[in-house]
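Trainee: I'm new to this one. Could you show it to me and let me ask how we know things?

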Amino acid sequence: GQIFKLGDYRPTDFVVERIDLTFELDPAATKVVSRMILHRREGVAADAALVLDGDELTLDGLQLDGNDIDPAGYAVTPDSLTIRALPESGPFEITVSTTISPETNTTLMGLYRSSGVYCTQCEAEGFRRITYFYDRPDVLAVYTVTVIARKDDAKLLLSNGNFLGGGDYDEGRHFAAWFDPHPKPSYLFALVGGDLGMIEDSFTTMSGRDVALKIYVEHGKEARAAYAMDALKRSMKWDEEVYGREYDLDIFQIVAVSDFNMGAMENKGLNVFNDKYVLADPETATDADYANIEAIIAHEYFHNWTGNRITCRDWFQLCLKEGLTVYRDHTFSADQRSAPVKRIAEIRLLKAHQFPEDAGPLAHPVRPQKYREINNFYTATVYEKGSEVVRMIRTILGAEDFRKGMDLYFERHDGDASTIEDFLACFTDASGRDLTQFALWYSQAGTPLVTVSTDWNEAGKTFSVTLEQSLAPTPGQSRKALMHIPLAYGLILPDGREFEGQPHGGEAGNGVFHLTKRKQTFRFAGVPERPVLSINRGFSAPVNIAMEQSIADLAHIARHDSDGVARWQAINDHATRSLISAARLSRDDRKLPSVAELAEILIATAADESLEPAFRAQTLTLPSESDIAREIGGNIDPDAIHAAREAVMKEVAHAGLETFAALADSAPTGPYSPDAEDAGKRALAATAMAYASIAEGWPDRLKKAFDAADNMTMMAQALQLLVYQFASAEETREALESFRARFADNPLALDKWHTIQAMAPGAKSYDRVEHLLAGPDFDRTNPNRMRALVGAFSAGNPTGFNRADGAGYRLLAREVIAIDKRNPQLAARLLTALRSWQSLESGRQEHARLALVSIREAGALSADVSDIVDRMLP
Ligand code: B3K
Ligand code: ZN
């Protein structure tokens, strides 16, 4: 396939001034008429042709200024329409008529149907599946959209912008017209048609304008959209307060659909959401679901300024909108909830998803330099590491200059299709700080390693910290330049106070070392006693740290650090170390040493009422099996890691049984509230329940908790523990059956039932997944269903998926090949579960390689899947 390169950017030859679209909706043959006003860009040769993108379109007619174009004057290929002999100067009108088939569109890109609702997804390159157009983000036009449909086929007709008017059209049909005054790229176009229920509210902006807010869901599910509406209003307010950004249309609409390839889409004024991120009530949604809804509603809303008003020049700049908007939604959630707990969750996710991506064959820079299929670059690196890079800019500049830089960005680039260079220039201009070296974070892939050593000179009362950076080669980048790494730090004295003096030897200030050379030593003088170094506080830089730090020093940080995230990090590092050595011993079939010291810290944290419950829950949650595998790095045996983690949990559980048993019953009673405080209490109770049930070794208590649960958070936790710990108990069978029967009509709740079983540890879960896949009601065509079962199994069940005989890999290969024929994006995404296959021990590695080869040899692969396979196989 064709390779696109960042350096090849060139503006279009023609400028699109405006576009009027008319749709006549029909499931099998929707007619689309596009009238575009264009002009030739200054300086472009008079014989240059207009080359528009298209994909699976039937061309019905083509006119220039109202006259049919002679067939000799244009050419059609499967992916383009080329029109020659166009006016040399002045505006002209091109009318393109096409027919498309929403009901047979299984890719979920372009215009398709989901449970009888017409909806669109155009990012990144879906608009070309609707009509011929310059389907690229730097072509901004003003859109007017008229939708005509049979009333019994689509009662409700929506598009971007403000409502112009509508009414009866001809027999049995009606129409609606929408006008979006803000020039936008085609990827932000949206259309929805169908019969949906709605909840309504309003928001008064800071300048006093009233905005109508509407959320559309399937009839009967209206009450489950209330939390999303609440999150939307809080997001609108927050963006005004924190960034001075106001909403800019008379109406903001959200539509929930059940077939969607990702979380949601920020179309101007008309967001389309995966219903999983809109619908919630206590009976069917967990606290984590509520938190995700809040974050994604906010994320899509924040795109209105970071993405829509200022968009990307080309898809290489994707992180310009995504990294920045993730950063904005992270800080929003931190403000709405507990900031340290939110940060801990972010670090966990970053390390679980982005670090492995950056360490394997799919590694790419935050701003990629080339791609074959852009859909494969909506990654943890572009999103999560992209957000970390913005966060580092704030750390380097400080809050005030960061805000000045953002203000300048909004002022200077409103209405533009911009680049990372434009973005960085705003921070340089606002602060006077040179960000040239820092900019490498956008172009160099891989997670830097910072090796830290300290030296205490008792006689001289000096303490020095030596930092050394390195960055391993990644695909296509064998040599790396030195990065600017901002590392927040603290020196904690024996009495717990912090040493305040400033170091010499390099740039440091506001508690941050700026590591800019390969190796730097920062010297502190006049330090009264040997301090303990707390480094990369708050995870100020997305790097790996290598440091020999004693357990006593880690415990000192855990006890005294002023930063909650650093306290958690110290305990987590301690636990990781114990787990890694346990995994090594378990692999050699040797007896595991006691982890009494770790157990003591964990139990003390669990019982410490001065700490917030959500923080205690995070601390009690040991590094996952994948975390341990990542820290070990290579020659991975997932079974040994599992056995080690089980053994460590068991020892902690026995040592703290009394504490855990009491906490397991401490979930708040009374009416359910999804707020952070109650959710934190439930998280602590749920984590304690895991330990208590291990120590008690008896499922009846879990079954009681399952039966008594009046919310999904506690119910799902009890069910999960039954399935994980007591797979063959009668109680487990009963609980699974009762859950299935109770939620038989609720696909989103049943997704949890599938996920819990798919993630049950051990080789047997493979058979369970095959059984569930073959179930009479299992809908393989729905992305949420596939992710809940095949996705959860392959990305979230290390022992099951990595079964030593390779059956898990073969299952994934088979499903990927099958789904690729309908929905390439979903297939490619599921396949990335194999991205770390080269870090497995040799037997599993060979099975995984053969599975990848079998996909490559299946033939007729989509560009999406073949791009992933080719990058994963050396
Ligand atoms: N911008 C969309 C993602 C589109 C993915 C296209 N394959 C959602 C978001 O990040 O807000
Ligand atoms: Zn986004």
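Trainee: Which residues in H3 meet which residues in H4?

Mentor: His330, Ser333 and Ala334 in H3 meet Ala339, Lys342, Arg343 and Glu346 in H4. Contact requires C-beta atoms, placed from the backbone, to lie within 7 Å. This is a predicted model, where local features need pLDDT of at least 70, side-chain atom pairs count only at pLDDT 80 or more, and totals for chains, interfaces and linings use all residues. Residues are numbered from 1 along each chain as its sequence is written, while chains are lettered from A and ligands numbered from 1 in the order in which they are written.

Trainee: Why is H3 called oblique to H4?

Mentor: The axes of H3 (residues 318–336) and H4 (residues 339–359) come within 7 Å and cross at roughly 140°. Under 35 degrees is roughly parallel, over 145 roughly antiparallel, 65 to 115 roughly perpendicular, and the rest oblique. So H3 counts as oblique to H4.

Trainee: How do you know that E28 and E29 pair?

Mentor: Pairing takes at least two bridges found by DSSP. Two bridges join E28 to E29 (residues 512–515), so they qualify, and they run antiparallel. In E29, Phe513 is the bridge partner of Ala508.

Trainee: What makes E28 and E31 edge strands?

Mentor: The open sheet has four strands in the order E28-E29-E27-E31, with antiparallel pairing. E28 (508–509) and E31 (532–535) each have a single partner strand, so one side of each is left without a neighbour in the sheet.

Note on methods. Axes are lines fitted to C-alpha atoms, for helices over the stretch in contact, and angles run from 0 to 180 degrees between N-to-C directions. Two residues are in contact if their C-beta atoms, placed from the backbone, lie within 7 Å.
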